[in-house]
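Colleague: Please put the model on the screen. I have some questions about it.

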Amino acid sequence: MTKANSGLLNRIRTRLAPALFAPPILAFLPALTLATFWLGGEAALLWVALGLPLVFAAMGGFSGRGRNAVPRDNVTGLMLREGFELELDRVFHDCAKSGLRSALYVIEVDDFKDLVHRDGQEAGDRVMLNCGERIASTLRNGDTVARIGDSKFAICLTPVLQLDLESCVQLAGRIQAAVEEPISLDGSTVYVSCSIGFCLHSRAPGETPAEWTTAAAAALSEAQQNGPSGIRVFSADMQQRSMARGSLREEAAEALEAGQILPWFQPQICTDTGRVSGFEALARWMHPVRGLVPPAKFLPVLEDAGLMERLSQVMLYHSLTALNAWDAAGVKVPAVGVNFATQELRNPNLSENIKWELERFGLPPTRLSVEILETVMTDQPDDVVTRNIAALSELGCHIELDDFGTGHASISAVRRFNISRIKIDRSFVLRADRDPDQQKLIAAILTMAERLDLETLAEGVETVGEHALLAQLGCDHVQGFGIGRPMPFDQTLDWITAHEAKLQDAPEIGRHTR
Ligand code: C2E
Ligand code: CA
Ligand code: CA
């Protein structure tokens, strides 16, 4: 039987089953047999007597599934997409006719692929089972929940008289809280989050259930852009944005090859001497029509397209080219920091490639700082990631822990990975000169770093006050808009010259005395 035929049979079965197996049908059986005998005689009666059990069997009446004869997911036991679409169709038309209200939710577990990659399929299944149960527990009788993809669930609320935006948002919040409770798997605990998009029936664009589904999917996609843990309700301009993202994906790959995605460089300075101690390479896309696209917009697109490895090659190549150019111009830039995402750190050839590139450019490994996010360590890095970081550190590159303070890296992990510098996250730096609580946190981090013999850099320093305080507290390096914004390579030489000229005449600000 072809897939299309079996789909059709399933649809007929799913539509008829509820009516056929409903108790009221039994009340009509005697009338049906009598009428058959009266109209068609004994032969017709025989056909009905033999035929009815066959119809019953074909509808799955003997399989014990009865009125729940829709196909179900093996892992979660929830309805699958097909059955859900039928239910959605019914609710959509019910609401249109009666004026009752409903909402459609699409929920996706964040970073599910990473979880399966890290912990295996069985763990992934257990997580989906748990999430499915928890989502179902937040709903009322009559609401429909289904598993509609590897990491996706959908909910259709049973039509009611009163349903406003606020109660829909609250429900999304309850679903998220339920999913985000810790899940214990064979003695270890995993934490997952989810993104949710939803669309009220009354705000669904178009006249069909399919358009309602597309709207909820657009809201989910928007939530994921702002995720993890995003919640978004559908609005009319979303569909356009989601289409724009689709085309961004196609363009990103070409842009990378066409040299439109390049590093810009943000200066880092030493609080002791005031001199440039390095630059961080930050990816920028100079789009011919859209203008400057920030990494928050295109990194997820590259990640989805599996292009992060290519991005790190491009970033590394241009960063090493910049180091050679600064050397040739006679300016002293000790090192460049390049960001590496988890996906890039999983490349088994990473350290070999970097070693080869450094040799090709004639640069010692100490000129390259490898920035890894603190969360890379807390995510239980796999063997390849661990080996890569160890190999790069052995090679002589500096390993820096990015966004420090946001990811709970353990001290033993800091030791194991031979971290040379921590980059204190901007959230600790913000208003530090005016907020004693911030000062205490920074002081605690700096004390810990000193004991562990780690260098420190504060990120996101915007004001002279923050800069002075960090220098006084003994932070080794600072980086931020207050010192200099990320800039294209061409502007770096002028910036360095102007900065050095300022150093000549400016009084020293808050040099520390550690
Ligand atoms: P990050 O590594 O933490 O980079 C610092 C971000 O903070 C940069 O944002 C920078 O422009 C911004 N920033 C610097 N100083 C200030 C400040 O004083 N105030 C504020 N509000 N922001 C400041 P950007 O360039 O948008 O990059 C965002 C993130 O994207 C980076 O965060 C990094 O995680 C990622 N990223 C950027 N380039 C690359 C890359 O080539 N590869 C990878 N894997 N990730 C990259
Ligand atoms: Ca960074
Ligand atoms: Ca950072």
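Predicted model: local features only at pLDDT ≥ 70, side-chain atom pairs only at ≥ 80, totals over all residues.

Modeller: Residues are numbered from 1 along each chain as its sequence is written, chains are lettered from A and ligands numbered from 1 in the order in which they are written, and side-chain values use heavy atoms, with hydrogens and water left out.

Colleague: How far apart are the closest N and O atoms of aspartate 73 and arginine 147?

Modeller: A salt bridge needs a side-chain nitrogen of Lys or Arg within 4 Å of a carboxyl oxygen of Asp or Glu. Aspartate 73 sits in the loop between α2 (24-58) and α3 (81-98), and arginine 147 in strand β2 (residues 144-149). Helices (H or I, at least four residues) and strands (E, at least two) are DSSP runs, numbered from the N terminus. The two residues form a salt bridge, with the closest N and O atoms at 3.1 Å.

Colleague: Is arginine 367, the salt-bridge partner of aspartate 327, buried or partly exposed?

Modeller: The closest N and O atoms of this pair are 2.9 Å apart. Arginine 367 lies in the loop between α12 (350-361) and β12 (368-373), while aspartate 327 belongs to helix α10 (residues 308-329). Aspartate 327 is partly exposed at 35%. Arginine 367 has a relative accessible area of 14%, so it is buried.

Colleague: How many residues separate glutamate 500 and arginine 275?

Modeller: Their side chains meet in a salt bridge of 3.0 Å, N to O. Glutamate 500 is in helix α19 (residues 489-505), and arginine 275 is in the loop between β8 (261-270) and β9 (276-287). The pair links distant parts of the chain, and the separation is 225 residues.

Colleague: Why does aspartate 402 count as buried?

Modeller: Asparagine 339 in strand β11 (residues 336-340) and aspartate 402 in strand β13 (residues 398-404) are 63 residues apart. Asparagine 339 is partly exposed, because its relative accessible area is 28%. Aspartate 402 is buried because its value is 6%.

Colleague: Which element gives the most to the shell around ligand 1?

Modeller: Of the 23 residues around ligand 1 (a heavy atom within 4 Å), Ala283, Arg284, Asp402, Glu462 and Phe481 come nearest. The side chain of glutamine 266 has an N or O atom 3.0 Å from a nitrogen atom of the ligand. For glutamate 280, the distance to an oxygen atom of ligand 1 is 3.2 Å. With 4 residues, the element that gives the most is β9.

Definitions and conventions: Buried < 20%, exposed > 50% of the residue type's maximum accessible area, 1.4 Å probe, protein only. Polar contact = N/O pair within 3.5 Å; in protein donor to acceptor, adjacent residues only side chain to side chain.
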